[in-house]
Every structure is written in structure tokens, then in C-alpha cells.
Amino acid sequence: MGKVCFYICDYTGTTEECSIKRNSVRIRPFCPSVSVKPTNSILCITTDPMQLVDLLLNLRYFPRFRLKMANILVTQEEPFDLVTIKLVPPAKEHLDYHWGERAVHMIWELIELTELMAWLSTLGGAFSALGDYQLACADTAGKISLHQMKLALRLGDPSLVARCQLYLAISLIQRAEFATAKQIIQRVYRSERRQTEPETRLLKMCQGIWAKLRYEYDLHQRNAARIKM
């Protein structure tokens, strides 16, 4: 099959060349621009974008249709130097209502999750502040951190997940579970350091919670030694 092609002219007058080959269809910019006004040597066909998309998909995926289209262009009764398809606005715009409903649902879900995360952050911060004085509050703050982590995973925000892990580490420190808290802090810090562009705020959080871990561990050890005496 030799070179068989036609031209596509969009709303702005930009023209592209569509070449029909044996195993594929190739579309590329055409220079110089082709005038789309009908003359003796140019056949101009007007259509809307949806019909053009259907035509191009059929040409790409159906070899027999591609061959038939090439034969029509080659063996047309009236010879034309150029065959041009000019796009015109459709009489009725095509809207994907099903995808629109899904998108609206996803947006509202994101809004609700973000609002819920804000409420949990406020509540978790309050319990975390009281956790230094009451063990039950530290335990509640840890449970809130786990709920926040689930929401962060649902939102698909790795940075937010890491912060929730650090909130959990604070709760573990308040409950004197230092070994587990140490592992969480180190894992988050090393993971963030390996990123192409590490988040400075997250690294500072790790360093601050690490300092709290060291202080609380030393205080715990001194209290334990005092009790033994």
C-alpha cells in the first residue's frame, strides 16, 4: 500500500495529515497549511469531533476497514489532489454523565474525608496534650491516630500518613512503649530522607519527637531507678 492520506482541519484552522498505512494510522502536523475551501482539486468534508474520533478509532483498530478506506481514497470516481475533513461544532455537545456522577461523588468524598481529618486532628491534639498527665488520654490519642492513618491512606497522601504515624509514636512515648516509638520515628525519618525532595517540616517533626523520646526515656529510667532504691 502506497501513501494514502487525508487531512484534518480543526476549529482554529490548524491542519494535520492522517496517513493510512498497512498496519497503522499516523497523524502529524501538516506544513504548509492546507486551505480547506473547496476547489476543483480539493474535496472538503465537514463533520463533528465525535464522528471523527469514531473514524480514527476504526482506522486504527480494524485492518479491513483501514484497507477499505484506503481503496476508496485511491479509486474515487472524481480525482482530487487533497481530501480534507473540516471539523465543525456538534449540534449537541456530548457529555459523559456517568463519569460526571462518579467525579462528583469522588469530590464530595474528598471534601468529607478532609473535614473529618480536620476534626480528628483537633480532637487528637487535645487528647495528646492531656496524655502527658493521664494514661487514658494517651491511649485515646493513639486510637485517634490510627483512625487518622486510615483516612490518610484513603486520601492517598503519603506525607499525611507519615504524620499520623508520628502522632501514634507520641502516644506510644506517653505510654512508655519506647522501643516501638523509636522504630516508627526512625522508619519515617529514613523514608523521607530517601525522597527526591524531602519535606522539611516532616523531618523537623521527626527530630522533635525523637528529642521527646530521649527525654521521656531518661525520665522513665530515673524514676525506675528511684523506685528500686
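Reader: What distance separates the centres of domain 1 and domain 2, taken over C-alpha atoms?

Author: 59 Å. This is a predicted model, where local features need pLDDT of at least 70 and side-chain atom pairs count only at pLDDT 80 or more, while totals for chains, interfaces and linings use all residues. Residues are numbered from 1 along each chain as its sequence is written, and side-chain values use heavy atoms, with hydrogens and water left out.

Reader: Where are the domain bounds?

Author: Domain 1 covers 4-87 and domain 2 covers 97-228. The bounds come from an automatic or database domain assignment.

Reader: What is the strand order in the sheet?

Author: The order is β3-β2-β1-β5-β4, an open sheet of five strands with mixed pairing. Strands pair if DSSP finds at least two bridges between them. Strands (E, at least two residues) and helices (H or I, at least four) are DSSP runs, numbered from the N terminus.

Reader: Which are the edge strands?

Author: β3 (25-29) and β4 (42-47), each pairing on one side only. The twist averages 25° from one strand to the next.

Reader: In which sense do β1 and β2 pair, parallel or antiparallel?

Author: Antiparallel, over six bridges between residues 4-9 and residues 15-20. Phe6 stands opposite Cys18 in β2.

Reader: Which strands does α1 lie across?

Author: Helix α1 (residues 49-61) lies across β1, β2, β3, β4 and β5 (82-87), at about 155° to β1. Angles run from 0 to 180 degrees between N-to-C directions, with axes as lines fitted to C-alpha atoms, for helices over the stretch in contact. Contact means heavy atoms within 4.5 Å. Helix α2 (residues 63-74) touches β1, β2, β3 and β5, and its direction makes about 90° with that of β1.

Reader: Changing topic. How many residues has the largest nonpolar core?

Author: 26, and Leu166, Ile173, Ile185 and Val188 have the most contacts inside it. A nonpolar core is a set of buried Ala, Val, Leu, Ile, Met, Phe, Trp, Tyr and Cys residues joined through side-chain atoms within 4.5 Å. Buried means under 20% relative accessible area, exposed over 50%, and partly exposed in between (1.4 Å probe, protein chains only).

Reader: Which helix gives the most to this core?

Author: α5, with ten residues.

Reader: What does Val188 contact, leaving aside its neighbours within four places in sequence?

Author: Ala162, Gln165, Leu166, Leu202 and Cys206.
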